[in-house]
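Hi,

Here's the structure I promised to send over. Have a look at it first, and then read on for what I found.

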Amino acid sequence: MTVHSSLPLSTLAKATALLSLPALGAFLVLIVRGEMSVAGVLQGYLMCLAGVALILYPLLSNLHTLTRYVKDLAQDKKVAAPVLSSLNAIADLSEALNNLQISWETRQNLMENEKNEREILVDSLPDVLIMTNEKMEILRTNRAARDIFGQNLHGQKLEAIVPNDKLLNGAAAVMDDLKGRMLEFQMIEPEPKDFRALIERFPVASTGGIALVITLNDVTELKRVEKMRADFVANASHEIRTPLASISGFIETLQGPAKDDEKAREQFLSVMSEQSKRLTALVTDLLSLSKIEMNSQSIPTGRVDILRMVKNEKESFAWMAGQKRMEMVIDQPETLPEVRADENELRQVIHNLIGNALKYGHDGTNIIISVRITSSLPNDPNFIKLQRAVIVSVRDHGDGIAREHLPRLTERFYRVDSARTRKIGGTGLGLAIVKHILNRHRGALTIDSIVGEGSTFSVYLPIFEDVADYTMA
Ligand code: ADP
């Protein structure tokens with residue numbers, strides 16, 4: 001018999017005495033009737049007590065152990081089921097309790113898992129989620145919220161972490177009239193961000209006291225793109241309107257006051273021709289840009305002999321170089337592996353860079369175009385997996401570009417000196433086109449410049465055989 005709890009002796013003694021009372025009564029009757037001697041009765045009664053105690057002991061021990069086990073269970077303690085004597089019904093009860101405990105534990109684990117899964121799900125939402133009570137104190141948040149507003153948000157006032165009147169007034173209004181609201185607001189701290197907020201009343205009575213559920217969708221990037229698009233349309237319209245206004249002004253003059261002025265007509269027609277060329281260049285560049293942007297997701301799969309291309313482009317600028325008494329020198333090895341590119345787009349890159357070097361290089365200076373393989377790659381995600389690339393550098397001797405302008409040169413219509421570059425004939429789109437083409441080619445552009453000395457524009461391109469595997473994929 002295995003019993004795991006020590007039964008207090010007093011309990012056993014009391015129960016034994018109680019159960020032996022009838023026997024004691026019988027013995028007393030036998031003494032009174034003189035049918036048994038006192039010594040005999042004492043002997044018999046003691047034997048009776050021992051017998052009762054022997055029967056009661058395992059029974060009471062089991063009961064005692066079981067009582068403690070149930071108390072432990074009630075206090076949610078993790079205890080093993082006691083091993084009891086298997087000869088009585090209490091053992092079956094113990095087994096039943098044990099099964100009950102196992103089933104509780106299983107259910108508890110399930111609930112724990114479900115809670116964890118819900119927690120993970122809420123955390124993995126990209127939107128910021130904040131739940132507050134009636135007093136606008138934060139009760140729950142997800143990871144996105146903690147990433148932006150800090151780790152210890154629980155218990156803080158909503159106004160302390162998002163001090164924005166538009167959001168706070170919206171939240172107060174939802175609390176009042178129970179109607180959900182959607183609004184947009186801008187936050188300056190901890191970093192400038194635009195949010196679209198959805199504020200709703202928690203739909204059921206919450207045991208945890210949740211009253212409001214606020215979801216914030218980060219629309220900073222969307223706003224930036226919207227602004228970029230609006231700026232672009234405004235800039236493009238301005239660029240187009242200027243030559244158009246000039247052309248229509250000259251037409252009016254030629255129709256009116258200068259109608260019969262032969263000399264003025266010649267002069268005006270030449271300006272109009274210049275302006276219409278500028279318009280054509282602008283529209284051509286705009287179309288190129290939009291075509292490149294439309295294909296930006298598809299990586300080109302062609303193989304291009306870059307040496308031949310650079311030579312051809314140099315030739316095409318020979319006349320313009322002659323006009324400015326400039327010399328173009330190509331510094332290149334005998335052979336080079338082919339690069340992965342779209343021939344027409346890459347030609348446009350080389351064309352724009354040599355064109356700029358000629359436009360902005362000083363008269364009588366030379367331009368050095370170097371083409372080679374390099375293993376010192378730019379700090380750009382496109383080259384993380386690569387050991388080498390082809391680099392084409394175009395170096396001019398012009399005014400150079402001040403450092404603060406360098407990061408903005410590839411923005412559409414960005415010009416260092418607007419008046420001067422417009423006069424030179426630039427559209428302000430050349431480098432934006434270069435950047436977009438290189439993005440599509442998974443290449444890179446770096447710009448080095450020293451004011452007063454000149455600039456070097458370098459294009460990095462992947463070698464076809466190095467990336468052939470993922471070109472096919
Ligand atoms: P643009 O058609 O006006 O030349 P780009 O996009 O090609 O437009 O160039 C943007 C601006 O960058 C130019 O307006 C000019 O101010 C500057 N820039 C480009 N290339 C050079 C260069 N080689 N030397 C000096 N400035 C340059």
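Before the sheets, one convention: two strands count as paired if DSSP finds at least two bridges between them. Also bear in mind that this is a predicted model.

Five strands make up an open sheet, in the order S2-S1-S5-S4-S3, and the pairing is antiparallel. At the edges you'll find S2 (138–141) and S3 (181–187); each has a single partner strand, so one side of each is left without a neighbour in the sheet. From one strand to the next, the twist averages 25 degrees. Val 128 has Leu 216 in S5 as its bridge partner.

Now for the other sheet. Here, too, five strands form an open sheet, this one ordered S7-S9-S10-S12-S11, but the pairing is mixed. The edge strands are S7 (327–331) and S11 (444–450), and because each has a single partner strand, one side of each is left without a neighbour in the sheet. The twist here averages 15 degrees from one strand to the next. S7 and S9 (residues 366–374) run parallel and are joined by five bridges. Along that pair, Glu 327 stands opposite Asn 366 in S9.

On to the ligand. Which residues come nearest to the ligand? Out of the 18 residues around it, they are Asn 356, Tyr 360, Asp 396, Thr 427 and Leu 431.

- Tyr 360: an N or O atom in the side chain is 2.7 Å from an oxygen atom of the ligand.
- Asp 396: a polar side-chain atom lies 2.8 Å from a nitrogen atom of the ligand.
- Thr 427: here a polar backbone atom is 2.9 Å from an oxygen atom of the ligand.

On its own, the ligand has 530 Å² of accessible area, and the protein covers 96% of that. The space that the ligand takes up is the largest pocket. H11 gives the most, with three residues. S12 also belongs to the mixed sheet, in the order between S10 and S11.

Over to you!

Methods:
Residues numbered from 1 in each chain as written. Predicted model: local features only at pLDDT ≥ 70, side-chain atom pairs only at ≥ 80, totals over all residues. Heavy atoms only, no water. Helix = DSSP H or I, 4+ residues; strand = E, 2+ residues; numbered from the N terminus. Axes fitted to C-alpha atoms, helices over the stretch in contact; angles between N-to-C directions. Near = heavy atom within 4 Å. Polar contact = N/O pair within 3.5 Å; in protein donor to acceptor, adjacent residues only side chain to side chain. Areas by Shrake-Rupley, 256 points an atom, 1.4 Å probe, with all protein chains shown as cover. 1 Å grid on protein atoms, 1.4 Å probe; cavity = no way out; pocket = protein on both sides within 12 Å on 5 of 7 lines; lining within 4 Å. Sits in = over half its atoms within 2 Å of the grid points.
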